[in-house]
Amino acid sequence: RIAFVVMLALVVASWTSVPACDGPGWSRAQRCLRSWVADPHTAELELSPEAVATAIDFGSSHGWQCLLGETALSIWNIALLVDKEKQHHWHAISAAWDGIRGLSWEAVARSGWRVFSLISVFCGAQIDRMSKGCQTRVATQQHLRDDDDFVITQLQQSCWNASLAEMCAGDWPPMVVLAAIEVRFDPVDPDVWPDDPPPVIASSKWHRSAVVAAFAASLPVLVPSLELQLPQLPDSICPSEAAFFLGWVALLGVNVVVESGRGSGGSTAFWCKSPHWTQLSVFSIDREHREESADAVADCNKASLVEADAFQVLRPLLKSLSHQRVGLFLDGPKGRVAVKLALQMMVEFPHVVLVGLHDVHRLSPYYQSRGLHKTRSALEEAGCLSYFSDEDWFVKAWADLDRYWDLDGQAESLGSYSQTLGVCLSPTEAVDKQA
């Protein structure tokens with residue numbers, strides 16, 4: 001694919017503009033790519049593997065309509081490989097650069113395809129450190145702040161024939177300068193979904209306060225025999241969060257809990273200790289098996305530990321449970337991609353009557369432009385009836401369950417009592433439980 005792109009690039013090397021990519025498919029692919037380039041780690045909170053694969057495959061299935069779009073998606077495909085595999089593709093990336101450099105660099109930077117940023121991912125891995133680089137002095141912090149267009153023009157004049165190794169050389173490599181400029185030309189809006197937004201649960205005439213009252217009144221009856229004082233495990237939900245989720249499980253008549261993101265097994269152990277354990281089955285999914293998680297649930301003969309990727313196994317598992325009432329608990333994936341996955345499961349499988357998401361505290365580095373935690377905001381705006389374990393009515397009544405756990409210092413940094421567990425009920429279920 002890269003070779004064909006390079007050939008096409010050489011044919012149009014005299015162009016002064018870049019062919020545009022139009023249509024919703026191209027737009028979606030570009031949004032996904034821009035989100036990933038902005039922060040590959042944060043992109044895991046925004047994009048599902050399915051969305052990434054769809055974006056990349058879009059280019060290969062729609063012909064060579066857009067030179068930069070095809071090139072960018074091809075390079076992105078390589079960038080997703082593990083480091084050892086990336087090294088084998090240095091020549092392909094270098095060849096792609098040879099084709100791109102004949103275009104107008106300003107047009108490339110303004111195209112929104114983040115080509116310079118993508119190529120910069122490879123800088124430092126296979127470059128010749130002895131290369132003298134481009135003989136230019138324009139790529140300085142001062143010039144970057146003064147006139148981006150001027151910097152790009154001077155760079156293209158000075159580095160027109162530069163190899164990829166030369167573009168990546170130096171303390172302030174020209175390729176990195178170009179990457180910084182193209183991001184400023186077209187910054188990522190943190191409030192915009194990089195992929196298609198999640199489905200909105202149809203609203204209904206429910207009364208939130210009535211459901212809160214029903215839950216609060218029944219909780220003391222639901223959890224008195226719950227053995228909440230389990231050993232504190234790394235990254236586990238705390239006892240009050242466990243009681244919060246199990247209260248909804250009992251109130252909604254859930255008889256199967258499907259959790260994704262088992263970690264050390266702390267949450268799974270709580271589900272095992274439920275007083276309704278004789279009626280409750282648990283399926284716990286995680287991409288890797290940890291011995292400590294197996295130890296945490298060693299005495300739970302109804303807990304099935306599944307080593308797999310939730311994006312691959314969740315749908316077939318939920319389909320097989322169509323005659324059950326399912327509560328879905330997500331502690332991985334995280335971020336808005338978790339909210340999207342949860343809502344999709346609620347829409348596709350009506351027997352999923354409850355969804356819980358962990359780590360939805362109010363403050364986070366992962367925030368929208370108005371300072372709100374993206375995951376929490378997405379859950380609040382989903383259309384379902386949402387509740388959070390850091391709400392005053394719950395904390396005042398049940399925070400004492402955490403008296404043996406070390407939660408000091410969390411409130412100030414998180415803006416919440418704890419890491420916080422949020423739940424989402426369908427409006428139909430909420431109406432049923434008002435009485």
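This is a predicted model: local features need pLDDT of at least 70, side-chain atom pairs count only at pLDDT 80 or more; totals for chains, interfaces and linings use all residues.
Me: Why is Thr 268 called buried?
Reply: Buried means under 20% relative accessible area. Thr 268 has 0% relative accessibility, so Thr 268 counts as buried. This residue lies in helix α16, residues 266-272.

Me: What makes the link between Thr 268 and Ser 284 a polar contact?
Reply: A polar contact needs a pair of N or O atoms within 3.5 Å, one able to donate a hydrogen and the other to accept it. The side chains of Thr 268 and Ser 284 are joined at 3.5 Å. That value meets the cut-off, so the pair counts. Thr 268 also touches Glu 259, Arg 262, Val 282 and Val 297, leaving aside residues up to four places away in sequence.

Me: Why is Arg 114 called buried?
Reply: Its relative accessible area is 2%. The cut-off is under 20%, so Arg 114 is buried. Arg 114 sits in the loop between α8 (105-109) and α9 (115-120).

Me: What is noted about the phi of Arg 114?
Reply: Phi is near 55°, a positive value, and the residue is not glycine. Most residues other than glycine have a negative phi.

Me: Which loop holds Thr 420, and is Thr 420 buried or exposed?
Reply: The loop runs between α22 (410-414) and β7 (421-425). The relative accessible area of Thr 420 is 0%, which is under 20%, so Thr 420 is buried. Thr 420 has a positive phi too, about 80°.

Me: How do you know what span to expect for α2?
Reply: Take 1.5 Å times one less than the number of residues. α2 has 15 residues, so the expected span is 21 Å. From first C-alpha to last, α2 reaches 21 Å, close to that expectation. Buried residues in α2 include Trp 26, Leu 33 and Trp 36.

Me: Which helix gives the most to the lining of the second largest pocket?
Reply: α2 does, with four residues. About 380 Å³ of space lies in this pocket. Of its 18 lining residues, the closest to the centre are Ala 38, Val 188, Asp 189, Pro 190 and Lys 374.

Me: What makes some of those lining residues charged?
Reply: Asp, Glu, Lys and Arg count as charged. By class, the lining has seven charged, nine nonpolar and two polar residues. Asp 189 and Lys 374 are in the lining, so both count as charged.

Me: Where is there a cis peptide bond?
Reply: The cis bond joins Gly 332 and Pro 333, with omega about 5°. Pro 333 is in the loop between β4 (326-330) and α19 (336-348). Most peptide bonds are trans.

Conventions. Residues are numbered from 1 along each chain as its sequence is written. Side-chain values use heavy atoms; hydrogens and water are left out. On a 1 Å grid over the protein atoms alone, a cavity is a set of points where a 1.4 Å probe fits but cannot get out, and a pocket is an open set with protein on both sides within 12 Å along at least five of seven lines; lining residues have an atom within 4 Å of a point. Grid points are joined across faces, edges and corners, and a volume is the space filled by probe spheres set on the points. Helices (H or I, at least four residues) and strands (E, at least two) are DSSP runs, numbered from the N terminus. Buried means under 20% relative accessible area, exposed over 50%, partly exposed in between (1.4 Å probe, protein chains only). Contact means heavy atoms within 4.5 Å.
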